[in-house]
Amino acid sequence: MKILIIDDEKNIGVAIMGIVNDEGNISKHTLTFTEGMELLKEEMFDIVFLDIWLPDIDGMEGLKDIKRYYPEIEVVMISGHGTIENAVESIKYGAYDFLEKPLSLERIVMILKHLKDRSKLLKDLRNSKYNLIKKYNLIGVSQIVNRLKDKIDRVSNMNSFVLITGENGTGKEHVSRLIHMLGIYSDQPLVEINCSAVPSEFLERELFGYEQGAFKDATAEKKGMFELANGGTLFLDEIGDMDISTQVKLLKVLETGEFTPIGSNKVVKSNFRLICTTNKDMSIEIANKNFRADLFDKINIIPIEVPPLRERKEDIPYLVNYFLKSVTSLNSLVEKSLSNELMDMFMSYNFPGNVRQLKNIVERLAVLSDKEVIGVDDAPSIIINHNKGLNGITTYDKYSFTLKHAKDTFERDYFLNVLIENNWNIIKSATVLDIERTYLYKKIKSLGLDKNKNS
Ligand SMILES: Nc1ncnc2c1ncn2[C@@H]1O[C@H](COP(=O)(O)OP(=O)(O)OP(=O)(O)O)[C@@H](O)[C@H]1O
Ligand SMILES: [Mg+2]
């Protein structure tokens, strides 16, 4: 740590310097406050030892000045006889502690130790927050991403409900975490649940919580997410998949700010900010009576749309390099890049699975290829086929294929695209294709499609 001592008694300065330097710190001493302030302007200090009785300023005023201009510097007051009361008062104005003359070696060492622990703690806290934000940084340079960033900045400091929409893998969850991290609630809990991944009965248990014995498996009382999110953010992922009866119950909670845990008769109040995501077209869901219009109006106060990657292709190189860097540094691999030719292929591909698909492809390439410049040879078939022209057949050799080969190639790419678009969700893909689930399984097998290799 770097320490400045401001005291008009030379031997006090020398004594403190001796002690703090022995403890492995760097220190400087000035005899007047004016000189001390000059030094603070030029160099960074962690701690100032400040005499209460100085020739050019009252130490208390000096303390206020330091705290006004350098609030992060910790100030320890040095008090002589008869100024103890002032020293105690100085704590009110932001001093960390005070020393009494004659100086005690142990006390100085102890103060230094406390300050060191405290500064490490604050640094760790700042770093962890910085790392989290860095992790959720929104990569991209397109106007679309820039506008998205502006909107996130504005929204994060309000407590209005937010609904994030967009295709699969566009970054909806990513955006919602950013809103929480950057916002006024960032130190408060972020409680999340995916509404499509769990049956509605289970979802309600999680949201409302329950009393012991409320149902067969309720062996102990459990707090609901509505309550856990109090003061923070409740994140409902894929709300478009929520059961209609759960929607009614959710709306009531949002309207009243109150709810009753299952099996309980006490009403619990909770105040949280709600962020929801969905990849469904909500106007269709409402028209089909799968989603309640009144709930939609309630949760859609601030709509944020995350556009598909094909509409912001200039982001592709930045995302590629970002994911390459993350995966190589995480796995201690040498730095890698894509050849220009392969990058061109990426740029012309539409990425039906959006950023997630791009991320998966890049991570696989980075791990599996031993080259530092990854070329077309390593490119996944879906990107090569796309770049060969319509359905994997180049115009040049169009007619050298048999009809069967052309049909097979088309079919394979067709199935693969639908699967990727739906994040390999079999139920959703089968619905889009309008075929039985069992038939889709068969096709995946016969066409040799593999989630881990082809997406
Ligand atoms: N602009 C971006 N910068 C960096 N990483 C991103 C960006 N957009 C998305 N990602 C990453 O891509 C992956 C997919 O994003 P995310 O899970 O947020 O998508 P989603 O829209 O919620 O998808 P789904 O609809 O399938 O739930 C995540 O690993 C996310 O961190
Ligand atoms: Mg998601």
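Begin with the open sheet of five strands in the order 7-10-13-6-14, whose pairing is parallel. Here, two strands pair if DSSP finds at least two bridges between them, while strands (E, at least two residues) and helices (H or I, at least four residues) are DSSP runs numbered from the N terminus. The model is predicted: local features need pLDDT of at least 70 and side-chain atom pairs count only at pLDDT 80 or more, whereas totals for chains, interfaces and linings use all residues. Residues are numbered from 1 along each chain as its sequence is written, and chains are lettered from A and ligands numbered from 1 in the order in which they are written.

Which residue of strand 10 stands opposite V191? It is L234.

Now select residues 172-182, helix 7. Helix 7 lies across strands 6 (162-165), 7, 10, 13 (273-278) and 14, and runs at about 165° to strand 13. Contact between two residues means that their C-beta atoms, placed from the backbone, lie within 7 Å.

**Ligand 1**

Centre the view on ligand 1. There are 17 residues around ligand 1, and I139, G171, K172, E173 and H174 come nearest; a residue is near a molecule or strand if its C-beta atom, placed from the backbone, lies within 6 Å of it. Helix 7 supplies at least two residues of this shell, as does helix 15 (354-368). The shell divides into three nonpolar, ten polar and four charged residues. In this division, Ala, Val, Leu, Ile, Met, Phe, Trp, Tyr, Cys and Pro count as nonpolar, Asp, Glu, Lys and Arg as charged, and the others, Gly among them, as polar.

Why does ligand 1 lie between domain 2 and domain 3? Both domain 2 (143-307) and domain 3 (311-380) give residues to the shell around ligand 1, so the ligand lies between them.

**The domains and a loop**

Colour the protein chain by domain: domain 1 is 2-124, domain 2 is 143-307, domain 3 is 311-380 and domain 4 is 388-455. These bounds come from an automatic or database domain assignment. Where domains 3 and 4 meet, five residues of domain 3 are in contact with six residues of domain 4. On the side of domain 3 that touches domain 4, two residues are nonpolar, three are polar and none is charged.

Then select F351, in the loop between helix 14 (340-348) and helix 15. F351 is a residue other than glycine with a positive phi, near 45°.

**The sheet of strands 2-1-3-4-5**

Move to the open sheet of five strands in the order 2-1-3-4-5, again with parallel pairing. Its edge strands are strand 2 and strand 5 (97-100), each pairing on one side only. Neighbouring strands of this sheet are turned by 20° against each other on average, direction ignored.

Select residues 2-6 and 26-30: strand 1 and strand 2 run parallel and are joined by five bridges. In strand 2, I26 is the bridge partner of K2, and S27 is that of I3.

Helix 1 lies across strands 1, 2, 3 (47-51) and 4 (74-79), at about 175° to strand 2.

Finally, select K101 and P102, which are joined by a cis peptide bond with omega about 0°. P102 lies in the loop between strand 5 and helix 5 (105-135).

Notes: Axes fitted to C-alpha atoms, helices over the stretch in contact; angles between N-to-C directions.
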